[in-house]
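Please keep the sequence and the structure in view while reading.

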Amino acid sequence: LPLDIVLEAVEVALISAYKRNFSGNHVTAQIDAKSGEPLIFIEKAVVQDVQDPKNEISLEDAQKVNIRAAIGGLVSIESTPANFGRIAAQTAKQVILQRIREAERDALYSTYAEREGEIVNGTVHKIDPHQVTLSLGKVEAFLPRSEQIPTERYGEGQRLRAYVASVSKANRGPQIVVSRTHRNMLR
């Protein structure tokens, strides 16, 4: 997976972990490129009199962070909690794994979407009354009864060539439908 996708997933995970354990409206996360430390920034509104310290900051304090700060503007304040690494780790791990799985599914989908209209080799994985499931390596393809040659019988482990008829997105990765009767199979 590309590094920017993984880093984006980590940053989103850090933001969700922070929001779950601490409050804050405009939260952004960054990962220090040199040390790998997570940094959390909260945008606070610059005001004359602070009534909500979580979302507002005085002009005097804002100018310590950003010299150009003015009343009515926003200032990003670094506010990474001391024990944030331990708290965020579990939440971040779940979000990161979910994002990586999504990215892998998208990569598989785009790979097989490009192969629509080609002939692929697969191994018969499972035989059901209505369809045969082919293993194409990392993904499975479905050979429905309507796309099977009526006289053919299939056995588990059998190698099969099939035409990729359609590829669609599904929750568990790409949904690949193959055919043995498509007219382009002969061509």
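At 29% relative accessibility, Arg115 falls in the partly exposed class. Its side chain meets that of Glu118 in a salt bridge, with 3.2 Å from N to O. The model that shows this pair is a predicted one.

**Salt bridges**

- The structure holds 3 salt bridges. In general, side chains of opposite charge can pair when their charged atoms come close.
- Another salt bridge joins Glu152 and Arg180, whose side chains meet at 2.5 Å, N to O. Glu152 lies in the loop between strand 7 (140-144) and strand 8, and Arg180 in the loop between strand 9 (173-179) and helix 4, so this pair ties together parts that are 28 residues apart in sequence.
- Arg180 has a relative accessible area of 16%, which is under the 20% limit, and therefore counts as buried.
- Asp106 forms a salt bridge with Lys169, and the closest N and O atoms are 3.7 Å apart. This pair links distant parts of the chain, since Asp106 belongs to helix 3 (residues 84-114) and Lys169 to strand 8, 63 residues apart.
- Asp106 counts as partly exposed at 41% relative accessibility, whereas Lys169 is exposed, with a relative accessible area of 56%.

**Overall form**

- The protein contains 4 helices and 9 strands. Read from the N terminus, the order of its elements is α-β-β-β-α-β-α-β-β-β-β-β-α.
- The radius of gyration is 26 Å, well over the 16 Å that the globule rule gives for 187 residues, so the protein is more spread out than a compact globule.
- The C-alpha trace spans about 85 × 30 × 30 Å along its principal axes.
- Of the 187 residues, 29% count as buried.
- Among contacts with a separation of 6 or more, 54% are made by residues 24 or more positions apart.

**The barrel**

- A closed barrel is built from 5 strands in the order 5-6-7-9-8, and the pairing is mixed. Neighbouring strands of this sheet are turned by 50° against each other on average, with direction ignored.
- In general, the strands of a sheet pair through backbone hydrogen bonds, in either a parallel or an antiparallel manner.
- Strand 5 (residues 119-127) pairs with strand 8 (residues 159-170) in the antiparallel sense over 5 bridges. Here Ile119 has Tyr163 of strand 8 as its bridge partner.
- Strand 6 and strand 7 are also joined in the antiparallel sense, over 5 bridges, with Val132 opposite Leu143 in strand 7.
- Strand 7 and strand 9 run parallel and are joined by 2 bridges. Ala141 stands opposite Ile176 in strand 9.

- In general, nonpolar side chains of soluble globular proteins tend to be buried together.
- The largest nonpolar core has 16 residues, of which Leu134, Leu136, Ile176 and Val178 touch the most other members. Strand 5, strand 6 (131-135), strand 7, strand 8 and strand 9 are the elements that give two or more residues to this core. The largest share, 4 residues, comes from strand 8.
- Leaving aside neighbours within four places in sequence, the contacts of Ile176 include Tyr112, Leu136, Phe142 and Val164.
- Another core, of 11 residues, lies apart from the largest one; among its members are Val10, Leu14, Ala29 and Ile96.

**Two individual residues**

- Lys44 is found in strand 2 (residues 38-47). Lys44 is buried, with a relative accessible area of 17%. Not counting residues up to four places away in sequence, Lys44 touches residues including Pro53, Glu56, Ile57, Leu74 and Val75.
- Leu186 has its place in helix 4 (residues 183-186). With a relative accessible area of 82%, Leu186 is over the 50% limit and therefore counts as exposed.
- The C-alpha atoms of Leu186 and Tyr163 are separated by 9.5 Å, while the two residues are 23 residues apart along the chain.

Notes:
Residues numbered from 1 in each chain as written. Predicted model: local features only at pLDDT ≥ 70, side-chain atom pairs only at ≥ 80, totals over all residues. Heavy atoms only, no water. Pairing = 2+ DSSP bridges. Axes fitted to C-alpha atoms, helices over the stretch in contact; angles between N-to-C directions. Buried < 20%, exposed > 50% of the residue type's maximum accessible area, 1.4 Å probe, protein only. Salt bridge = Lys/Arg side-chain N within 4 Å of Asp/Glu carboxyl O. Core = buried A, V, L, I, M, F, W, Y, C linked by side-chain atoms within 4.5 Å. Contact = heavy atoms within 4.5 Å. Rg over C-alpha atoms; globule rule 2.2 N^0.38 Å.
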